[in-house]
Every structure is written in structure tokens, then in C-alpha cells.
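Here are my notes on the model you sent over, in numbered points. Keep the structure open beside them as you read.

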Amino acid sequence: MFVPKLDNRSDLESSRNSGLWQCSICAHGNDERHISCELCGVLRDLSLYFNNALEVEDRAKRRNKHYSVSVLARSLFSPSSTMSKDVIFSDGFKASRNATGNTHATLDVLHKTYMACKGRRINIVPFKFDTPSPDDMVTTGLKSSRNFRNDVCIAGKKAVDSDNCVIEKGTTTDPSSLVKLDEIGEGSSSSSFVVDCHNETLVLDHELQHLSLERKPKKSKAKIQKPVSFSLYKPESWMLQHEDEDTPRQLNLAIVGHVDSGKSTLCGRLLHALGRISKKQMHKYDKEAKEKGKGSFAYAWAMDESADERERGITMTVGVAYFNTKNYHVVLLDSPGHKDFVPNMISGTTQSDAAVLVIDASIGSFEAGMGVNGIGQTKEHSQLIRSFGVDNLIVAVNKMDLVEYSKERFNFIKSQLGIFLRSCGYKESAITWVPLSAMANENLMTAASDTRLSSWYDGNCLLKAIDTLPPPHCDVLKPLRLPICDVFSSQMLGQVAICGKVETGAIRSGSKVLIMPSGELATVKIIERDSSRCKLARAGDNIAIGLQGIDPSHVMSGGVVCHPDYPVPVASSLELKILVLDITVPILVGLQFELHIHHAKVSASMVKILSLLEHKSGKASKKIPRFLTARQTAVIEVKLDKEVCVEEFSTLKALGRVFLRSQGNTIAVGIVSRVREQA
């Protein structure tokens, strides 16, 4: 309880007795005639804090139904259960005394009794149960702020305005300032106090509603426009390559084939012969391989750099290397051959312009790759490479030294594999057959020196066969499209760096780009080609880019970097034209599978079989089947679990090719014929 300090205390000093009583709170000695402690203000008799029991019960019945009495108030002002006796104070005021001898009375009665003799009157309003206490107001405000109603807020504002209480936006309001203390006195009514307290609660309620502990950052997301037709796009002059520019044409070359066919060894041997791997580095690889009992893997370690790949002796991710020929700057993409890593092979080699299919000529290995007892990776890789849009293929028949450079073995492989390649859609004129031995360095860089091979083969060596491949088509007349192969950070490129192949358009340092599907804008800080910094890159270039002005969480593998004014479509429902591969289990409606499209991989399901196409004419048959079997061509509708960046095949082939995989096998390949639902 608060007892106000009196300014004039001389009259109390004059009538003080020598008797003292000790305060139960601060242990201060006070004069016998003082009813409260001079130091802390606590009453001598603590029972005076409690109200008359009858008055408490009567006021509790009149309590406002909109307010709940706090636990603290109930404990302080609960009526006593013991029998009490009335006590008559001066001026005829009544109080009660219970069985323990403690006196009960209201605070205003106590002040009138004990302080009337001094001629001072302090108006202290007694506690009322029909009005909210301070903790009641806080509790009520917190509850109502969770479900704030506009009508209550408006009514509260009107009530506050009527009492001339104005709260300005952005200012802190003291609840006590809303109550007019000069009107709460002897002449003020209880109803006016209730109205003021009610208004105070409404104002507090309004303030808590707009209270926030979190700082909301400004949204920097670009307003994504709907895809615009490529016909409206006009390239800038710097995007076109001029005749005076002496920039070698880039060729993305994928190395594919069955596991253990010698792909990584072939790449390492070729790079070492071209001087891309120093003698010192090669000596290190040879020493480390022999220490682990894998001396024959020395050249393969030039491409397989991770500890897991070297320990298991297989390629797990796509290795990237570079070398130059007379006509091309070649980007070598060494793909994994194991069936468990076919998804990595798809993601890495989908950007290839041409491919080298490596065949193991040894007895039994070629047959395993062709899948005599199932689907081998030689067949699967051939189908996938053709589905990537690769028209030109070099078949490198490796390990010819193990079969004594036998012409009969080479012709047998050529006849068996040739039939299958033609069934995949390769033209005979687009296939180049090269017998060689990577370990013996026969027919790689120069013509064969071994008479067992040179006696019957007079064709091109592998390097010359690569150099005579037709140049890839590079379209710079369309807007920028760069599918993101990988996201990483480096000291040179910065915290947000990506790599991939520019499919269409061009890009240069300092330009603004749009990252899809997040829809965030970024600035191109650095461009690197073959670990060398360059100012710009055009369609066909395999590059790494350092971005700035974007959060790393908005950049992901499978996304697309595109022109800000020509965003790539983002869809979750597609219409596909597919070719079912050699499967044993039919494809039914509702089948769950993995859909691969450029570098994106997403779970999907087949919703409907729209039509079945005839092989010769390509026309839709009248009968719609309930399921699909091997070697059938059909148009289906698929639903994706999440949105992906996609283009129709007729618009952009690189972003319109799809691969369907289920239970570790590729079950179908196809194209996007229509985008059904766009984000």
C-alpha cells in the first residue's frame, strides 16, 4: 500500500510519545502513535489492508462480465471464513473484528478515522471488483490481440476521442495518462471510472495488436512477367560474334560407356599426351596408385580425384577437363558408367554436343555392356545420349590389345552394336568407329604403330576423329538460357557461383540476370571459361559465373539463368511424348517415377495416357490403352511434385527433353510437347 508523505509533520512531532514499535518489513523503530512506518510506509496493523467481507461479496456480484478477477486480487481480497464482530470507529463508521483480533475495514474508512483529526483529506479510491486491475488489463489485451476485431477497435478509438485522449501513431502511450486523476475524487462517480478504464483497455488492446518483435525486410523479389515469345526478342550487337574475333569454337564432348570400359583411363591418357597433365603430376598419380595396389588406374586418377572414387575404382561424378584441337576448344565430360550413378551421368552430359561411346573389346565385357542378361549400360547410355539430341557419335573400341587387335572381334562388335545404334535413331554416316588401346597409347594421338592394327585399319585416330566432327549449332538470336549444373563457392568467383552451358543467347560481366524458379535478380560479377577470366560468353560455351546481389538459398541446381525480360516458363504439369524402352513391367496410370529434365530431377506421376502413336506414321491410334509396354510411343500427361523450369521442345530443344526413371532403370525418354500448367 502506498501512504503519501505528508509535507507538514510538525504537529505529529509535537504529540509523539516515547514508546516505539518496530516495523515488520524494514525493522525501523517508529513512534507509538504512528499507524504507518515512517521509512517504508507499511501500516502497523497489516489486517487493515483487507476490506469488509460483506462489501467484498456485494461488489463481486456487480463485477463486469467482460473482465476476470486475477488470482492475486482474489487472494488479497477474499472474504474471511471466521466469524467477525462489528467495530465502531469515530464518526459512526463501521468495521469488523474477526476471531483472531484483526480489524477489517475499507481504506477510505481508515483514512477518515485516523487522519480526520489533522484536517487533511486524501482521496484514495478503494479497490473495485467491477473494474479491471492493471494485470487484468494486460491479460485482456493479450487475449484480444490474437483475435482482434475491427468494430471493437473503432469503438475504442471513438471512446478515447470522446474523453479527449489521443494516441499518435509511433508514440508510446502511458496507460496511467489516460485516466483523469483530478476527476477521481470524492465527487466523481463509479461509472465514469469504469468508462475510463474500459477506454484504457481498448487503447492497450490496439497497441498490442500492432506490436511486432520481428523486423520485416523489404521484399526484393522481382516481378516475374509471363513468358514472352522469342519472336519479339532482338539480340544486342555485342552478342553477335564478329569475323575479326579469334575465339575457338567450343565442343562439349561426353565420354560414356559401360562400367570398367576404360573411360577415365582414356581421358587421362589423352590429356597427358596433349600436355594437359605434367610429367611431375603423372608421376605422382602413378606412385599413389601403386601404393594402393592399383597401378593400372594411374591415368584414371587424373579424372577421378575424390577419395571415394579412387578407393572403389569407379567414376561417381562427371569429371570435367579441357584440351584444344586444331578446330575446337574441347570440354571433356567423363561420365560414370555404373548403373547406380546414371542420374549423375544424365545431369552432367545433358549439355554435350557430341559423344564418345567407349566399348570394352575383351571377351565377355562387350556382352555384359549389351545386357545379355539384362539392360547393360552400353545400351542405356546410347539411348540417353541420343535423347540428349546428340547426332554425331564416335565409337571407341578400347582394349584391343587384349584381343590381339583382332579384326574379327572388331567387326563382330561393329555389327552387333551398329544394329542397336540405328534402332536408336543414329544415322550410319554420323557414326565413326575407331579401334584403339588407351593403356598402350595405340591410335589415340597418331595413327596406329602396331602392325597388328595398322595392317587392316587405315582410318582416323581418336584425336583426328574428334577434330573432324561437325560444328555444333549455337543460337545467339534467342534470349539467354543457362541451365544451372552446379552451385558452389570459391575464392575467385565468390560466395555464390554457378556453372553450366549457355544454351541460347549471350551473357557478359556486369549484366543483370533473372534466376528461375526463385524469380530473383542478380548481377554477373565474374565469368570464367576453362579457369580463365573472360568478359562475355555466347551460346555453346561451358562457363562458371560468380553472382552478386542474391542470397545463396535462391540459387539451386536445376534452375535456369535467363534474360530479365524473357523469363523461362515454370510448370508443374506437362504433356510428354515418350518412347518406352526395353522394360519388363508395363507402365500403368498412377506410376510414380523420377523425371529428369536438363539438370533438374523431380518426382512425378503419370496422370493419364492421352494417345498411342503408330511407329511408322506417327499418327494417334483410335484406341487408348490402359498401360504401356516396351518400344511403344505415346502421349501422356504427368503431374510433378514441384515446379521446374521447362520449355516446349518446339521452342528450345535443350530445355524440352525428358527422361523417366523408376527403380534404378530408365524406362522411357521423350520430349515436352505442351506445358499444361504454368506457375
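1. A word on burial before anything else: a residue is called buried under 20% relative accessible area, exposed over 50%, and partly exposed in between, using a 1.4 Å probe and protein chains only.

2. Some housekeeping. This is a predicted model, so local features need pLDDT of at least 70 and side-chain atom pairs count only at pLDDT 80 or more, while totals for chains, interfaces and linings use all residues. Residues are numbered from 1 along each chain as its sequence is written, and side-chain values use heavy atoms, with hydrogens and water left out.

3. Back to Arg-386, which sits in helix H13 (residues 377-387); helices (H or I, at least four residues) and strands (E, at least two) are DSSP runs numbered from the N terminus. Setting aside residues up to four places away in sequence, Arg-386 touches Asp-391, Cys-424, Gly-425 and Tyr-426, where contact means heavy atoms within 4.5 Å. A polar atom of the Arg-386 side chain lies 3.4 Å from the backbone oxygen of Gly-425. Val-669 is 283 residues from Arg-386 in sequence, yet their C-alpha atoms are 9.7 Å apart.

4. Now the nonpolar cores, meaning sets of buried Ala, Val, Leu, Ile, Met, Phe, Trp, Tyr and Cys residues joined through side-chain atoms within 4.5 Å. The largest has 73 residues, and Leu-253, Ile-385, Val-395, Leu-417 and Leu-421 have the most contacts inside it. There is also a second, separate core of 29 residues, which includes Ala-571, Leu-574, Ala-600 and Val-644. Beyond its neighbours within four places in sequence, Leu-417 is in contact with several residues, among them Phe-366, Met-370, Val-395 and Trp-433.

5. How many salt bridges turn up in a search of the whole structure? The search finds 17, counting a side-chain nitrogen of Lys or Arg within 4 Å of a carboxyl oxygen of Asp or Glu. One of them pairs Lys-290 with Asp-286, with the closest N and O atoms 3.3 Å apart. These two are 4 residues apart in helix H9 (residues 279-291), so about one helical turn separates them. Lys-290 is exposed at 56% relative accessible area, whereas Asp-286 is partly exposed at 25%.

6. Another salt bridge joins the side chains of Arg-409 and Glu-367 (3.3 Å, N to O). This pair links distant parts of the chain, 42 residues apart: Arg-409 is in helix H14 (residues 407-424) and Glu-367 in helix H12 (residues 365-370). Arg-409 is buried, with a relative accessible area of 10%, while Glu-367 is partly exposed at 24%.

7. Do look at Glu-575 and Arg-676, whose side chains meet in a salt bridge (3.3 Å, N to O). They too link distant parts of the chain, with Glu-575 in strand E22 (residues 570-580) and Arg-676 in strand E29 (residues 665-678), 101 residues apart. Glu-575 counts as buried at 14% relative accessibility, and Arg-676 is partly exposed at 33%. Salt bridges that share partners join Glu-575, Glu-637, Arg-674 and Arg-676 into one network.

Methods
A polar contact is a pair of N or O atoms within 3.5 Å; within protein, one must be able to donate a hydrogen and the other to accept it, and residues adjacent in sequence count only if both atoms are side-chain atoms.
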